[in-house]
Amino acid sequence: MVETRVSQHLVPPEPPPEASQPGALVWLRKNLFYSRGSTILTVLVGAVILLFLRGAVGFLLDQGRQWEVIPRNSANYSIGSYPRENIARTWVSLGVVAFIAGLATAAWRPIGRVSPGQISAAVRSAGIAALVLAVLAPSTFGGRTEFLIAGAVLFVIGQAALMALGDRAIDAFLPTLVVLGAGLVAFLVVLWILPISSSTQIPWTIVIAAAVVAFGVGRALIQPLGAPTVKRSVVALALFALPVLYLHVQRAPEIPWDRVVDWSAWIIPIVVIGYAAVIFVSGAEREAAAIVNGLLVVASIVVWFVSAPMAARFLLLMLTAVSLATPTFGSGEKGRRTVIAVWTGVVLVLMYLFAIGVGTPTLETNNNYFAGINLTFMLAIVPMLLAFPLGILMALGRTSTMPLFRLMSTGYIEVIRGVPLITVLFFFRFGVLNFLPPGLQPDAILLAIIGITLFAAAYLAENIRGGLQSIPKGQYEAAKAMGMTTAQMTMLITLPQALRAVIPAIVGQIITLFKDTSLVSIIGLAEFLRVANNIVPGQPDSLGTKLENLVFAAVVYWVFTFTFSRASLRLERRLGVGVR
Amino acid sequence: MTSNGKKEPIIVCDGVKKWFGDFQALRGVSTEVGEGEVVVIIGPSGSGKSTWIRCINRLEVHQEGRIIVDGIELSSDVRNIEKIRSEVGMVFQQFNLFPHLTVLQNVTLAQTWVRKRTKAEAEKKALDLLERVGIREQAAKFPGQLSGGQQQRVALARSLAMDPRIMLFDEPTSALDPEMIKEVLDSMKELARSGMTMMVVTHEMGFAREVADRVVFFDQGQIIEEGTPEHFFTDPQHDRTKLFLSQIL
């Protein structure tokens with residue numbers, strides 16, 4: 001029989017029962033020794049780890065290791081054989097990059113926080129690590145006593161701090177910025193302690209000062225200008241500063257003004273037509289705009305088959321892009337002003353880049369005016385910036401309903417993905433010169449950049465296509481039902497969501513790209529790994545130190561990729577706010 | 001047949017046919033909807049009623065017959081389909097809010113890009129409409145942080161922000177918990193009283209009885225019977241209609 005029951009009181013919520021902290025022994029038994037089999041496995045794996053650590057420690061701390069070759073060759077690692085009397089140029093570019101990084105940190109405030117408890121625990125762990133190293137180290141190791149003392153001191157400090165903090169260890173939070181600043185200070189201290197020449201110490205100090213100043217400037221600008229403006233400026237600055245630094249500051253080209261003036265026969269008409277076209281398109285009906293855009297597309301293709309200056313070809317290409325993008329700048333008087341400003345900017349930037357690009361470098365250094373980490377950075381950053389728009393275009397092309405675009409994109413992606421990067425690099429280093437007119441002989445670095453860009457774009461395109469396919473059909477329908485054009489729907493609705501969805505894949509792609517830059521050593525460029533593998537061990541005072549240098553190179557690559565993957569994790573969490 | 005014979009037709013369908021592969025979803029649908037009229041379409045699932053109203057803003061493309069919306073015929077060479085779509089708002093069963101934008105941005109986006117309003121105008125309009133559907137205080141949140149009923153009201157505000165002349169509703173309450181259906185229906189009733197032309201596919205018979213000017217019973221890709229709610233719920237003529245009503249009432 002069913003009895004009728006009516007609840008008389010609503011039960012208020014209660015806090016969850018307190019979780020009991022399990023002791024270390026309980027934890028060990030639950031996780032490592034919970035059965036006979038697990039005990040055997042734990043012992044075996046533990047032995048392997050111990051033996052490996054002992055071997056590694058023995059290698060790293062062996063008295064025969066000459067780690068001092070690395071600080072001694074810091075210039076080789078940073079910039080290679082760049083003319084020493086012009087070394088300030090490379091420091092200037094590093095300083096500008098640091099400045100942009102500082103601005104970016106201020107604009108995209110890192111929201112991560114670290115508790116004092118985490119810092120104390122890290123200090124304690126470092127102490128334990130030093131103690132373990134000292135105990136494991138083989139007999140040839142001389143610094144056992146120092147390591148034991150240092151480890152014990154760190155352990156005691158960390159443990160004492162943890163106990164003093166007590167319950168507050170996890171409550172009180174420090175912004176990551178403080179930790180970051182502490183890291184920079186630590187870097188400076190190390191810089192001045194190690195036997196590094198003062199010609200390296202002083203510029204590095206200035207570079208770090210530039211980053212700190214830029215952070216302050218950025219924070220000060222956010223209030224009057226607003227965060228979005230600052231962010232856009234940082235992006236624009238980065239896009240413009242990098243080519244200027246690498247093409248202008250570091251190469252110190254002699255600008256051939258006669259050739260710049262020579263262009264006028266082509267350039268001035270194109271600039272004028274450009275203004276007429278974008279002004280017309282921004283106010284025209286769709287059909288009329290489509291006709292103008294169609295003419296521009298045809299012209300920008302035809303110009304590659306007649307004898308026209310390279311600058312004219314690129315300018316026409318950019319004009320077509322600006323004209324096609326005109327609807328996204330808005331309509332009416334405001335839209336017209338925006339598109340005129342955009343076209344003016346494009347003309348100025350492109351002409352400037354061309355002038356300095358065709359100029360002959362005055363610093364002749366056997367084509368190796370870029371080397372070391374300087375070259376590695378350029379080969380990673382510039383292709384990534386260029387491959388991104390290209391990859392997005394290819395992804396959109398491959399998902400497009402227009403068969404010609406689809407065919408072109410699919411063909412490009414499948415061909416590039418079917419070929420190893422080394423082959424692409426070889427082709428661009430040795431093969432492509434046969435197809436170019438005699439006057440146009442780009443240097444090896446530019447060819448490598450093009451090769452890596454095209455390679456990365458194909459993979460990026462596939463990642464982004466995956467993201468596009470994950471967008472539910474309803475998103476397209478909702479956008480269309482409100483009267484959005486296909487371009488608006490793509491730029492505002494589907495592409496932003498697709499890019500968010502594939503951040504992990506894109507980060508993986510960037511990390512791969514960063515490591516793949518080491519492949520350019522086979523076409524004769526002295527990037528970071530080649531410096532570590534050939535150049536430094538070949539110095540008369542550094543013979544027989546290949547292993548030290550390779551270990552150092554591995555650590556440097558790891559530090560960069562690890563930092564990157566951590567940063568991307570935070571980016572994912574932050575962008576995850578709007579995810580269903 | 002002109003409904004009620006009192007107003008100019010704003011939507012005209014004449015022999016609309018549509019196939020998915022070999023399956024014929026619409027078998028010749030002909031009717032007219034007058035300006036300001038509220039038409040509720042009911043019928044079993046799979047009967048083609050959603051396909052029909054999706055043809056009216058051309059999310060589905062009909063293959064035969066004529067559809068004329070606000071004086072413009074929808075055909076394969078129709079220009080400016082975006083312009084027609086911006087006059088015809090639509091609310092979907094699954095809300096289809098843009099998850100990467102806040103509620104306010106969801107409502108302002110198409111206003112600024114399609115209607116070319118300034119940001120200030122668009123935000124004022126958006127906040128007024130969010131107020132009207134009773135969720136102004138949620139403007140800064142993301143869709144994923146709202147309940148289903150709130151999301152659907154955002155979707156309604158998003159459509160209304162375009163100042164449409166016609167609103168289409170494709171089972172707007174079918175994905176909602178029973179407790180939330182009422183808040184969405186109340187907003188829709190308020191809209192109907194303001195004189196909006198509405199075509200509503202729904203299973204909410206109470207809504208049909210209270211708000212509809214005309215009820216259309218749809219089955220097997222065609223209109224079986226249509227008429228006023230009083231006629232429809234008290235004196236249905238066709239056997240199929242009687243069977244359907246006997247099963248749901």
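Predicted model: local features only at pLDDT ≥ 70, side-chain atom pairs only at ≥ 80, totals over all residues.

Mentor: Apart from its neighbours within four places in sequence, A:Ser38 is in contact with A:Leu32 and A:Phe33.

Trainee: Where is A:Ser38 found?
Mentor: A:Ser38 belongs to helix H2 of chain A, which covers residues 36–61.

Trainee: Why is A:Ser38 called buried?
Mentor: Buried means under 20% relative accessible area. A:Ser38 has a relative accessible area of 8%, so A:Ser38 is buried.

Trainee: What makes A:Leu32 and A:Ser38 a polar contact?
Mentor: The cut-off for a pair of N or O atoms is 3.5 Å. A polar atom of the A:Ser38 side chain lies 3.3 Å from the backbone oxygen of A:Leu32, so the pair is within that limit.

Trainee: Now for the two chains. How many residues of each are in contact?
Mentor: On chain A there are 27 residues in contact with 24 residues of chain B. Between them the chains bury about 2,400 Å², and 61% of that is on carbon and sulfur atoms. For chain A's share, A:Ala481, A:Met482 and A:Leu492 supply 24% of the area buried against chain B, more than any other three residues.

Trainee: Why is the pair B:Arg54 and A:Glu477 called a salt bridge?
Mentor: The definition asks for a side-chain nitrogen of Lys or Arg within 4 Å of a carboxyl oxygen of Asp or Glu. Here an Arg meets a Glu, and the closest N and O atoms are 2.5 Å apart, so the pair qualifies. The count between chain A and chain B is 1 salt bridge, along with 6 residue pairs in polar contact, both residues at pLDDT 80 or more.

Trainee: Which helices of chain A each supply at least two residues to the side that touches chain B?
Mentor: Helix H14 (286–302), helix H21 (473–481) and helix H22 (486–501) do. H21(A) gives the most, with 8 residues. By class, that side of chain A has 11 nonpolar, 9 polar and 7 charged residues.

How values were computed:
Residues numbered from 1 in each chain as written. Chains lettered and ligands numbered in written order. Heavy atoms only, no water. Contact = heavy atoms within 4.5 Å. Buried area = accessible area lost by both parts, 1.4 Å probe. Polar contact = N/O pair within 3.5 Å; in protein donor to acceptor, adjacent residues only side chain to side chain. Helix = DSSP H or I, 4+ residues; strand = E, 2+ residues; numbered from the N terminus. Nonpolar A, V, L, I, M, F, W, Y, C, P; charged D, E, K, R; others polar. Buried < 20%, exposed > 50% of the residue type's maximum accessible area, 1.4 Å probe, protein only.
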